[in-house]
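Subject: A structure for you to look at

Hi there,

Here is the structure I promised to hand over. Please open it beside this message, and then read on for what turned up.

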Amino acid sequence: MTRMSITGKDGALQPHPSPPMNDTETFWGLLKKFRVPIMMVSPAAIFTVIMILFPILYSAYLSLVKWTPGSEDAPFVGLANYIRMFQDPTFWLALGITLKLFLVCLFFETIIGIYLGILLSREVPGQKIFQALILLPSIIASVAIGMMWILIYDPTLGVANYFLKSFGLKQLVWLADPDMVLAAIAIIDIWEWSPFMALIITGGMRALPTDPFEAAVIDGASRWQIFKYVTLPLLRPVIMVAILLRSVDLIRFFDTIYIMTKGGPNDASTTLNVYSYLQGFSYMDMSYGSAIMLFLLALVMLFSLIISALRRKAVS
Amino acid sequence: MRKKDYILTYLQYFILILLFIGPVLWMILSSLKSNLDITAYPPILFFQPTFNNYTELFKIYPFAKYIINSFIIAGGSTLLGLILGVPAAYAIARYRLHSIAFFTLISRMAPGVLFLIPWYLIASKLEITGNNFLDYIMLILTHAVITLPLIIWLMISYFEEIPIDLEESALIDGCGRWRIFFQIALPLSLPGIAVSVILSFIFSWNYFLFALTLANNSTMPLTVIAFNFIGEGATNWGGLMAAATIISLPALLLTLFAQRLLIKGLTAGAVKG
Amino acid sequence: MNHCKKWTAWIICLAVTVGAFAFAGCGQSNQPAQTKKDVTINLLAQNHPWTNAIQPFIPDFEKQTGIKVNMQILTEQQTRDKSLMTLQAKSPDIDVWMSLKSFEGLAYYKAGFYEPLDKYLNDPKLTPKEYNVADFMKGPFTGEKIDNKLVGIPIIVEGPVVFYRKDVFQQYNISVPKNMDELLEAAKTIQEKSNGEIYGMATRGLPQAIPYTFGAFLHNMGLEWMDASGKPNFDKPEAIKAIDMYATLTSKYGPPGVVNNTFYQSSALFAQGKAAMEYESSNELSTITNPQNSRVVGKIGVFSLPPGPGGNHPTVLQWGVSISAFSKNKEAAWEFIRWATSPEMQRKLAEKGIASPRSSVWDNAEFKKTLEEPVKQEWAAALRIVMDNGNPEVGPPVTKQAEARKMIGTAIDKVILGTATAQEAASEIQQKLLEVLK
């Protein structure tokens, strides 16, 4: 936890005031003792198991058989779909694109997020309204965002090129250039999510102790020195949280690409998530699609574990 | 702060507003243009505004119905998320069951496409998909997969902020857990519930992938219909921009009228995550 | 504490009651009222001119027959996703759907998703003589047959045609091209003389969409997608020439960013006066002649893609409606199809600009009246050429259609983008097609 817990030393309620009975040792005793929390948690837990665990298991099954449209019993093929995956050049391409997009977006979103976060932490009149306004991209539906940017990015008729032309710059073809499409999509994502990063970071800044800053000012540190040696190290845990949250979404990059390019041109924007969709639905190969999806799920979980571990390290 | 600092801050505000709000404003402006003006080059900033795109939406499509569907699905999944999530969050916060909270997060990690086929399979086996009432329930259930973890994580942070002393004294008075939950914890966490409702409503409203394949004609929400404006011989940019604006309406309203709740909610959920 | 327990009890009671009501609700509405009188059929349709044209007539059908039509309209890709999922689950949720046989036909047929229609057509009780099957043009009708089984009835014929700006052609003194070389020459002249202000040709570059417009380039070189023995034809020099020609036309004389373009970008460019020619589906006529969308109304002409050294083989495509093998209302579904494709209905739709697969419609006097405008006459003439000479194979005839098309488009895009030569692209297509065929 990054904030001080106000619920006391360990914050936990004693399950019962003081029942000095021996039955707390047995299973039924424990069940009785924790009756209420179990009742409170189980509906949500059961719901999650039914809605989430079943699809994951079913996809695991699909990934082990050879599925064809209309087939009644799909023959078991073992790990053939996974072997195919590791031999498929497009899979590696998609993995590379996923990681590239992940790194580029995360890098810029973190930098811009920190900048915005610090800007937002200045208490000036209108700060609240400004903060809410720039959050708009993060909470608007991705469908609307995608449609809006298709129009903006149009190479001949769009506003983006109009601005480039007005400033005397070279006009670009944005989504239609294999070398440009990832950058174009990254720009949208950075536009969409940097303010969100900023919000988390501002929240963290408010909770920082003031003493180190006062000490630094007394020592005559410059603004840059304060930022580098005081602000940034203190903020690191919060920044890690922001990175964790974004990472989980970035590795599964789907919406914007599905709406805008469907993975093109020349497969240059085919992320793993898009590729699994293409395989599963467009190419009607659910088995292979499922194998890729499960790989992606494993990848996301791995990343969250790594980043959580890094965060824990940053806190301690 | 010095005067120079103020000026610098506001200068940055101005530029950033242009950058972050500009595209959204462009969308809203476009929705008020005729099709001809939308794709005009060079882009037109001043034009005769028209509400034709909006009126046509309601004339050509049962657009009011799509809006209602979006409300039913987003509202229903928010309600379900609250019913399941708030007690769970309370138990997690009070009995330190964070591993369970992590478990609900798996839905955030899995690619959405993964759920489509299995869910549809269940739905069709149970003969849900042909029946409107059951189809709404199905959509509400699937969207609750998005709202539930959000609500749980938001509410955990709110419950942890409630001083435990109050509850302990109630416990000593002999009140049961449930009564403490309903009469002490819940009223104190009302601001948190307000935030949860707003955020999970928005996130559920925005989500399109599940409804894309699971909704039928009478249960289709707004986000799905937005794809329908581009079709061979039937592309309608004006309608598309108007629909996109209507889809963004909850977000726009929230930004204008509930800033504090929004910021509080996003911060709380995030920092505690 | 009595007070507290009572409170808890109340909550539990409340929860149980609510739950019970919810279940009761489910149970009641779960019993479908399947009396003969009110049959409902579910129609899955695409956002397509045919759909928009037929929609206002559907209440008539409902009134005539008592069958209720529940229509769901989605985009092409979503329609395919939805139909695949529904049919895979053997769900009866789709009764009739718009299916593109040249795309998913083979895969869906092998999966057993289509209800064969021969028995409905041949049963005089289900199909009266007035239906006049012989009236359907041979091309579109056989296009709805797979393995010699009828799996759909055609509803619209379409094919890519060239829309052009008469005023621009006049300005630069260009006449309507008579062969492929002249087409290229025309595009070149416009692009160069207008200093790139007006693009010579706007057509498809999006990989999945390319075969639709590229096909005729290949066919006009005298090649099918595959030779008689089922081997891909991309090892022939003519194929390289076709790729080279398409890539030159799109990259040198086309708009920037063409590799992402499909119908809507091309039409936007043409309608804004930014392109002198648009090679696109005949259905786009309504978009570019609509004054609300277009700045070039009244200046548009239409011609069919000119012949090449291998003859004149434009691509022709028919959409059809099919009945799901898992439908529970097959006879009602057939009644709907029969109504929608009847001579009378087809004529009514044709008056709204839907190119009919029935030949009688084209000779109908009332329909001809709707073609008075010169642009419509030219459009109809171009479509006639498409229908008479058309090649119905939009992509190579393989089950993995989507994969094959995407792969062909991707290879051609490499030439457009200048990262591969036509020769390299051709051999890439050849090799990958062989893999897909395996």
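Let's begin with chain B: of its 273 residues, 57% are buried. Please keep in mind that this is a predicted model.

Chain B has 15 helices and zero strands. If you follow its C-alpha trace along the principal axes, the spans are about 75 × 70 × 30 Å. I also looked at which parts of the chain touch each other. Counting the contacts in chain B with a separation of 6 or more, 78% are between residues 24 or more positions apart.

Now turn to chain C, where you will find a sheet. In general, the strands of a sheet pair through backbone hydrogen bonds, and they can do so in a parallel or an antiparallel way. The sheet in chain C is open, has three strands in the order 8-7-9, and its pairing is antiparallel. Which strands stand at the edges? They are strand 8 (277-281) and strand 9 (300-303) of chain C; each has a single partner strand, so one side of each has no neighbour in the sheet. From one strand to the next, the twist averages 30°.

Have a closer look at strand 7 of chain C, residues 160-165, which runs antiparallel to strand 9 of chain C and is joined to it by four bridges.

Finally, find helix 18 of chain C, residues 374-389. Helix 18 lies across strand 7 and strand 9 of chain C, and runs at about 15° to strand 9.

Enjoy exploring!

Best wishes

Methods
Residues are numbered from 1 along each chain as its sequence is written. Chains are lettered from A and ligands numbered from 1 in the order in which they are written. This is a predicted model: local features need pLDDT of at least 70, side-chain atom pairs count only at pLDDT 80 or more; totals for chains, interfaces and linings use all residues. Helices (H or I, at least four residues) and strands (E, at least two) are DSSP runs, numbered from the N terminus. A residue is buried if 20 or more other C-beta atoms lie within 10 Å of its own, exposed if 12 or fewer, and partly exposed in between; C-beta atoms are placed from the backbone. Two residues are in contact if their C-beta atoms, placed from the backbone, lie within 7 Å. Two strands pair if DSSP finds at least two bridges between them. Axes are lines fitted to C-alpha atoms, for helices over the stretch in contact, and angles run from 0 to 180 degrees between N-to-C directions.
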